[in-house]
Amino acid sequence: MLTICIILIVLLALDLLFTLALRCRKGHRKWEVLKKYRYAHRGYHDKPVVPENSLPAFRRAIERGFGAELDVHLMKDGRLAVIHDASLKRTAGADVLVEDLTAEELKTYRLEGTDEEIPLLEEVLPLFEQSGLPLVVELKAE
């Protein structure tokens, strides 16, 4: 019986924390800033010519006044690769995990049969910094 009571108390506490976390975020004034823009998911890509998560896709988003959403993976040299999947299988045709690569190794792969390299976050950030448009970055982890 004591075990059931402890479990119920823990569940109630977690529920309360979750509710408070949602409430605090929902009314935050910065959400209004983000809601003013339209967003290009993984850049404004146009397959097969402009692959997702490529520098041209992010430049196209900026040219059209879009903010962008992108995903990053931490590589073994501590740098961040801009790519959605953990593996390069779908986007570069190589069965290798991004986290097992260095930036130098990553640059040997091409996106979706084009000449475009997989960019690093440090290459994408200046584009959006200069434009003043928002960039939403999602950290991925295996």
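Ala 57 touches Arg 42, Gly 43, Tyr 44, His 45, Val 50 and Pro 51, leaving aside residues up to four places away in sequence. Contact here means heavy atoms within 4.5 Å. The model is predicted: local features need pLDDT of at least 70, side-chain atom pairs count only at pLDDT 80 or more, and totals for chains, interfaces and linings use all residues. Residues are numbered from 1 along each chain as its sequence is written, and side-chain values use heavy atoms, with hydrogens and water left out.

Ala 57 sits in helix 3. Helices (H or I, at least four residues) and strands (E, at least two) are DSSP runs, numbered from the N terminus. The relative accessibility of Ala 57 is 0%, so the residue counts as buried. Buried means under 20% relative accessible area, exposed means over 50%, and partly exposed lies in between (1.4 Å probe, protein chains only). From Ala 57 to His 41 the C-alpha distance is 9.7 Å, across 16 residues of sequence.

The protein chain as a whole contains six helices and four strands. Their order along the sequence is α-α-β-α-β-β-α-α-α-β. The chain has 142 residues, of which 35% count as buried. Among contacts between residues at least 6 apart in sequence, 54% join residues at least 24 apart. The chain exposes about 9300 Å², and carbon and sulfur atoms supply 59% of that area. Accessible areas come from the Shrake-Rupley method with a 1.4 Å probe; for residues, only the protein chains shown count as cover.

Helix 3 has several buried positions. Leu 55, Ala 57, Phe 58, Arg 60 and Ala 61 are buried there. The buried residues of helix 3 pack against strand 1 (39–41), strand 2, strand 3 (80–82) and helix 6. Helix 3 spans residues 55–63 and helix 6 spans residues 121–131; they pack at an angle of about 10°, with axes 10 Å apart. Helix 3 is therefore roughly parallel to helix 6. On the helix 3 side, the contact is made by Leu 55, Phe 58, Arg 59 and Ile 62. Helix 6 contributes Glu 123, Val 124, Leu 127, Phe 128 and Ser 131. Axes are lines fitted to C-alpha atoms, for helices over the stretch in contact, and angles run from 0 to 180 degrees between N-to-C directions. Angles under 35 degrees count as roughly parallel, over 145 as roughly antiparallel, 65 to 115 as roughly perpendicular and the rest as oblique. After helix 3 comes Gly 65, whose phi is positive, near 80°.

A search of the whole structure finds 13 salt bridges. A salt bridge is a side-chain nitrogen of Lys or Arg within 4 Å of a carboxyl oxygen of Asp or Glu. Glu 63 pairs with Arg 64, with the closest N and O atoms 3.8 Å apart. Glu 63 is exposed, at a relative accessible area of 62%. Arg 64 is partly exposed, at 41%.

Glu 122 and Arg 79 form another salt bridge (2.4 Å, N to O). Glu 122 lies in helix 6 and Arg 79 in the loop between strand 2 and strand 3, so the pair ties together parts 43 residues apart in sequence. Both partners are partly exposed: Glu 122 has a relative accessible area of 45%, and Arg 79 has 32%.

Arg 90 bridges to Asp 85, with 2.7 Å between the closest N and O atoms. Arg 90 is partly exposed, with a relative accessible area of 44%. Asp 85 counts as buried, at 18% relative accessibility. Salt bridges with shared partners join Arg 42, Lys 47, Glu 52, Asp 71, Asp 85, Arg 90 and Glu 112 into one network.

Asp 71, a member of this network, lies in strand 2 (residues 67–74). Its relative accessibility is 1%, so Asp 71 counts as buried. Asp 71 touches Arg 42, Ala 81, Val 82, Ile 83, His 84, Glu 138 and Lys 140, again leaving aside residues up to four places away in sequence.

A nonpolar patch lies on the surface. Leu 2, Ile 6 and Val 10 form this patch, with about 290 Å² of accessible area together. Patches are made of residues with over 30% relative accessible area and no salt bridge; like charges are joined within 9 Å, nonpolar side chains (Val, Leu, Ile, Met, Phe, Trp, Tyr) within 5 Å. Leu 2 belongs to helix 1 (residues 2–26). Leu 2 counts as exposed, at 63% relative accessibility.
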